[in-house]
Amino acid sequence: MSKKPIVALIYDFDGTLSPGNMQEFGFIQAVGCTPEDFWERSNKIAIGQDASDVLAYMKLMFDTARQKNIRLRREYFQAFGKDVELFPGVREWFSLINAYGGSRGVVVEHYINSSGLTEIVEGTPIAGEFKHIFSGTFIYNEDGEAVWPGIAVDSTNKTQFLFKINKGIFSSRDNKILNSSIAEENKRVPFPHMIYFGDGETDVPCMKIVGMFGGNPVAVFNPDDERKKAMANKLKRQGRVRFVAPADYSEGGEIYKLVCAIIDKVKADDVLRDFENKGK
């Protein structure tokens, strides 16, 4: 029997595990803005400078903090993570689905692939559940203060992290192994073993890549938001995703049943491959 197959569950964060943008659960209020005002100002920077939306919001975080004499330290960002709202069932989800995978002889791993901030995710109560967090981050000086964006993750460069998960690279910086040629059978997590969860158009490049290589893109939506539900159904109609489900991660819910079925299929395919390879 071959080694246990790995199933990688890859999550966008905002709108996927949480009903809002992570900056809206404390940071924006701390710098004296409302979410509406902050994002309007961020969009004006991006549009006015023809700049990255992600770098625009990171600059605005610097500017507004400086105006309030706030020192941007890693622990400052992390403090806001504890207040980030999560969808129903998220806190229990990881141990629940890990146990199901273990009962089927499958290793389940969890990853974040987000345009948000690693530092805020690190402060959430679920931070320890992830094999790796691929997300934006800052560079810090010798005094521990953020001085410059270190990584800015937008909708297209999020796709590189799928290939890093595929090859077992747990570094945002390392591209040497990423660009090297590795035989398909030696890749750590085959694309058909990936489940990508996203909530909107910014997830489309990742959804398309995962689906194109035989994986399982899933559009989740806030059941209390008709606009989000319509977006998820639009992605399904357009063939961007294979599955649509409300963002409820509780045992017995649609996401739970869907992921269990995919785990069962991965295990069955692994057993059949062993039979196929006998005698080779």
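Since the model is predicted, local features need pLDDT of at least 70 and side-chain atom pairs count only at pLDDT 80 or more, while totals for chains, interfaces and linings use all residues. Residues are numbered from 1 along each chain as its sequence is written, and side-chain values use heavy atoms, with hydrogens and water left out.

Helices (H or I, at least four residues) and strands (E, at least two) are DSSP runs numbered from the N terminus, and two strands pair if DSSP finds at least two bridges between them.

I turn now to strand 2, residues 107-117. Strand 1 (residues 6-11) pairs with strand 2 in the parallel sense over 6 bridges, and V7 has V108 in strand 2 as its bridge partner. Strand 2 also runs parallel to strand 3 (residues 132-140), joined by 4 bridges. In strand 3, F134 is the bridge partner of N113, and G136 is that of L117. How many of the 11 residues of strand 2 are buried (under 20% relative accessible area, with exposed over 50% and partly exposed in between; 1.4 Å probe, protein chains only)? The number is 9, so strand 2 is largely enclosed by the rest of the structure.

The salt bridges come next. Taking a salt bridge as a side-chain nitrogen of Lys or Arg within 4 Å of a carboxyl oxygen of Asp or Glu, the count comes to 15. K228 and D199 form one, with the closest N and O atoms 2.7 Å apart. This pair links distant parts of the chain, with K228 in helix 9 and D199 in the loop between strand 5 and helix 8, 29 residues apart. K228 is partly exposed at 23% relative accessibility, whereas D199 is buried at 6%.

E145 and R71 also meet in a salt bridge, at 2.5 Å from N to O. E145 lies in the loop between strand 3 and strand 4, and R71 in the loop between helix 3 (53-67) and helix 4 (74-81), 74 residues apart. Within helix 2 (residues 35-49), K44 and E40 are 4 residues apart, about one turn of the helix, and their closest N and O atoms are 3.8 Å apart. K44 is exposed at 57%, and E40 is partly exposed at 44%. Finally, D12, K158 and D203 are linked in a network of salt bridges.

I close with the surface. W148, in strand 4, is exposed, with a relative accessible area of 60%.
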